[in-house]
Amino acid sequence: MAKIFAFTDGACSGNPGPGGWGALLQAKEGEEVTKERALKGGEQMTTNNRMELMAAISALEALAKPTKLTVVTDSAYVKGGITEWMAGWKRKGWKTSTGKPVKNEDLWRRLDEAAARHTVTWQWVKGHAGHPENERADELARAGMAPFKPGRAKA
């Protein structure tokens, strides 16, 4: 049976500034990739954390049926948020431990909903460290950002 992976990354030129997200979905039999889908997008004015979240959201929302998969991210923010902090935020009405509103609550709620449809294992990898699929996700994120950078025609 194939194992499903989503390699996700976000990018921003300035923070805030033009940003992009990328997700590489792969089905693997052992080490062999049997199916692959690349996703990307971007926004004119955003933050790196929002793009990291959008990459994971987009990967999960792209799966038509409930799936068991591993989401691989280089964002400690995304992995920590979904695996450690979110339960507390929800208990406190989407407030942090200091009582402040959770930043990017709209996207955290969307990620929570998207992840709930699937059986997800979250894995962190060091970014820009030669991990081939993470590097490809980074390329997709930069390509998603490109149309929004100054001096570029809009997509």
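Which residues in helix 2 meet Trp108, Leu111 and Asp112 in helix 3?

1. **The helix 2 and helix 3 contact.** This is a predicted model. On the helix 2 side, the residues are Tyr77, Val78, Gly81, Ile82, Met86, Trp89 and Lys90. They meet Trp108, Leu111 and Asp112 in helix 3.

2. **Packing angle.** Two packed helices are described by the angle between their axes and the distance between the axes. Helix 2 and helix 3 pack at an angle of about 95°. Their axes are 11 Å apart. Angles of 65 to 115 degrees count as roughly perpendicular, and helix 2 and helix 3 are therefore roughly perpendicular to each other.

3. **Aromatic pairs.** A pair of aromatic rings is described by the distance of the centres and the angle of the planes. Rings pair if their centres lie within 6.5 Å, and planes over 60 degrees apart count as edge-to-face. By this rule the count comes to five aromatic pairs. One of them joins Tyr77 and Trp108: the ring centres are 5.2 Å apart and the planes stand at 65°, so the pair is edge-to-face. Tyr77 belongs to helix 2 (residues 76-91) and Trp108 to helix 3 (residues 105-116). The pair thus links distant parts of the chain, 31 residues apart. Tyr77 and Trp108 are buried.

4. **A second pair at Trp108.** Trp89 and Trp108 also form an aromatic pair that is edge-to-face. Here the figures are 5.1 Å centre to centre and 65° between the planes. Trp89 lies in helix 2 and Trp108 in helix 3, so this pair ties together parts that are 19 residues apart in sequence. Trp89 is buried, and so is Trp108.

5. **The aromatic cluster.** Ring pairs link Tyr77, Trp85, Trp89, Trp94 and Trp108 into a cluster. Tyr77, Trp89 and Trp108 also take part in the contact between helix 2 and helix 3.

6. Five strands form an open sheet with the order 3-2-1-4-5. The pairing is mixed. Strand 3 (32-46) and strand 5 stand at the edges, each with a single partner strand, so one side of each is left without a neighbour in the sheet. From one strand to the next, the twist averages 20°.

7. **Strand 4 and its partners.** Strand 4 (residues 68-73) has five of its six residues buried, so it is largely enclosed by the rest of the structure. Strand 1 (residues 3-12) pairs with strand 4 in the parallel sense, over five bridges. Phe7 stands opposite Val72 in strand 4, and Thr8 stands opposite Thr73 in strand 4. Strand 4 also pairs with strand 5 (residues 119-124) in the parallel sense, over six bridges. There, Thr70 has Thr121 in strand 5 as its bridge partner.

8. **Helices across the sheet.** Helix 1 (residues 48-62) lies across strand 1, strand 2 (17-29), strand 3, strand 4 and strand 5. Helix 1 runs at about 155° to strand 1. Helix 4 (residues 132-145) lies across strand 1, strand 2 and strand 3. Helix 4 runs at about 140° to strand 2.

9. **A charge over a ring.** What sits over the ring of Phe5? The charged end of Lys28 does, 5.2 Å from the ring centre.

Key: Residues are numbered from 1 along each chain as its sequence is written. This is a predicted model: local features need pLDDT of at least 70, side-chain atom pairs count only at pLDDT 80 or more; totals for chains, interfaces and linings use all residues. Side-chain values use heavy atoms; hydrogens and water are left out. Rings of Phe, Tyr and Trp (its six-membered ring) pair if their centres lie within 6.5 Å; planes under 30 degrees apart count as stacked, over 60 as edge-to-face and the rest as tilted. Helices (H or I, at least four residues) and strands (E, at least two) are DSSP runs, numbered from the N terminus. Buried means under 20% relative accessible area, exposed over 50%, partly exposed in between (1.4 Å probe, protein chains only). A charge sits over a ring if NZ of Lys or CZ of Arg is within 6 Å of the ring centre and within 35 degrees of the ring normal. Two strands pair if DSSP finds at least two bridges between them. Axes are lines fitted to C-alpha atoms, for helices over the stretch in contact, and angles run from 0 to 180 degrees between N-to-C directions. Angles under 35 degrees count as roughly parallel, over 145 as roughly antiparallel, 65 to 115 as roughly perpendicular and the rest as oblique. Contact means heavy atoms within 4.5 Å.
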